Amino acid sequence: MGGMERLLEVMRRLRGPGGCPWDRAQTHESLIPYLLEEASEAADALLRKDPKEMAEELGDVLLQVAFHSVIAEEEGRFSYGDVERSIVEKLIRRHPHVFGEAVAQTPEEVKARWEELKAEEGKQEEPCGLPKHLPTLLRAYELQRKGVDPGSEEGLRRALEKGDLEEALWNLVGLFAKRGLDPETALRRRSQRACQRG
């Protein structure tokens with residue numbers, strides 16, 4: 001036995017009788033902070049481009065998928081097979097230019113079509129169409145990228161003159177959105193440089 005099934009078997013053992021008390025006590029809700037933390041650590045590793053660290057941190061993200069799948073399996077709600085099937089079907093459905101007859105030549109065309117297909121599927125979204133737990137800086141970026149109260153250079157200048165740092169930050173994020181640059185990744189990269197200097 002190998003691959004994902006081996007990881008699932010380890011998780012079932014940890015959650016089962018005689019397993020780990022901490023693992024057995026966890027719920028979907030209690031694991032949310034760990035999922036967010038592991039995703040952030042994986043993002044840091046990807047920016048550092050160290051293959052060993054990237055593999056390790058992506059493994060920690062995969063652990064979260066296995067953990068939630070085993071909890072759901074115990075509850076009779078869904079299994080890892082359902083998780084995998086769902087994403088495979090979604091990838092095929094949302095890539096008609098690869099698996100169907102549609103045509104898309106650029107990444108921008110693909111992204112626009114992805115959003116159209118998501119809307120056609122009637123996917124339920126949070127207010128403003130963004131996940132609740134999205135990091136705040138990335139949330140501000142995505143809102144402005146969608147055209148919600150977009151910031152500007154002029155807005156940034158006015159906010160700085162007034163000393164309104166909250167408004168200045170919003171407008172600065174707007175400048176990133178206009179250029180299609182993700183401020184979360186930019187700030188994460190800059191933070192890493194600061195740590196290396198320290």
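Leaving aside neighbours within four places in sequence, F67 is in contact with M11, R15, W22, D23, Q26 and L31. Contact here means heavy atoms within 4.5 Å. The model is predicted: local features need pLDDT of at least 70, side-chain atom pairs count only at pLDDT 80 or more, and totals for chains, interfaces and linings use all residues. Residues are numbered from 1 along each chain as its sequence is written, and side-chain values use heavy atoms, with hydrogens and water left out.

F67 belongs to the largest nonpolar core. Its nine residues are M4, L8, M11, L31, A66, F67, V70, I71 and Y80. Two elements give two or more residues to this core: α1 (3-15) and α4. The largest share, four residues, comes from α4. A second, separate core has six residues, among them L138, A140, Y141 and V173. A nonpolar core is a set of buried Ala, Val, Leu, Ile, Met, Phe, Trp, Tyr and Cys residues joined through side-chain atoms within 4.5 Å. Buried means under 20% relative accessible area, exposed means over 50%, and partly exposed lies in between (1.4 Å probe, protein chains only). Helices (H or I, at least four residues) and strands (E, at least two) are DSSP runs, numbered from the N terminus. In soluble globular proteins, nonpolar side chains tend to be buried together.

Which residues make the nonpolar surface patch? They are I87, V88, L91, I92, V98 and F99, and the patch covers about 540 Å². Helices α5 (80-93) and α6 (96-99) each supply at least two of its residues. The largest share, four residues, comes from α5.

L91 sits in helix α5. L91 counts as partly exposed because its relative accessible area is 39%. Patches are made of residues with over 30% relative accessible area and no salt bridge; like charges are joined within 9 Å, and nonpolar side chains (Val, Leu, Ile, Met, Phe, Trp, Tyr) within 5 Å. Accessible areas come from the Shrake-Rupley method with a 1.4 Å probe; for residues, only the protein chains shown count as cover.

## Salt bridges

The whole structure holds 20 salt bridges. A salt bridge is a side-chain nitrogen of Lys or Arg within 4 Å of a carboxyl oxygen of Asp or Glu. One of them joins E121 and R94, at 2.7 Å from N to O. This pair links distant parts of the chain, 27 residues apart. E121 is in the loop between α7 (107-120) and α8, while R94 is in the loop between α5 and α6. R94 is buried, at 3% relative accessibility, whereas E121 is partly exposed at 33%.

Other pairs lie within one helix. K118 and E115 meet at 3.8 Å, N to O. They are three residues apart in helix α7, so about one helical turn separates them. K118 is buried, at 16% relative accessible area, and E115 is partly exposed at 32%. In helix α9, E161 and R157 are four residues apart, about one turn. Their closest N and O atoms are 2.5 Å apart. E161 is exposed at 58% relative accessibility, while R157 is partly exposed at 38%. Elsewhere, salt bridges that share partners join E5, E9, R12 and E73 into one network.

Is Q192 buried or exposed? Q192 is buried because its relative accessible area is 12%. Its place is in helix α11 (residues 183-197). A polar atom of the Q192 side chain lies 3.1 Å from the backbone oxygen of D44. Beyond residues up to four places away in sequence, Q192 touches D44, L47 and R48.

## Loops and positive phi

Most residues other than glycine have a negative phi, and most peptide bonds are trans. K49 has a positive phi, near 60°. K49 lies in the loop between α3 (32-48) and α4 (51-75) and is exposed, at 66% relative accessible area. D149 also is not a glycine, yet its phi is positive, about 50°. This residue is in the loop between α8 (136-145) and α9 (153-162). D149 is exposed, at 53%.

V148 lies in the loop between α8 and α9. V148 is partly exposed, with a relative accessible area of 37%. Not counting residues up to four places away in sequence, V148 touches L143 and W170. The C-alpha atoms of V148 and G174 are separated by 9.9 Å, and these residues are 26 apart along the chain.

Definitions and conventions:
Polar contact = N/O pair within 3.5 Å; in protein donor to acceptor, adjacent residues only side chain to side chain.
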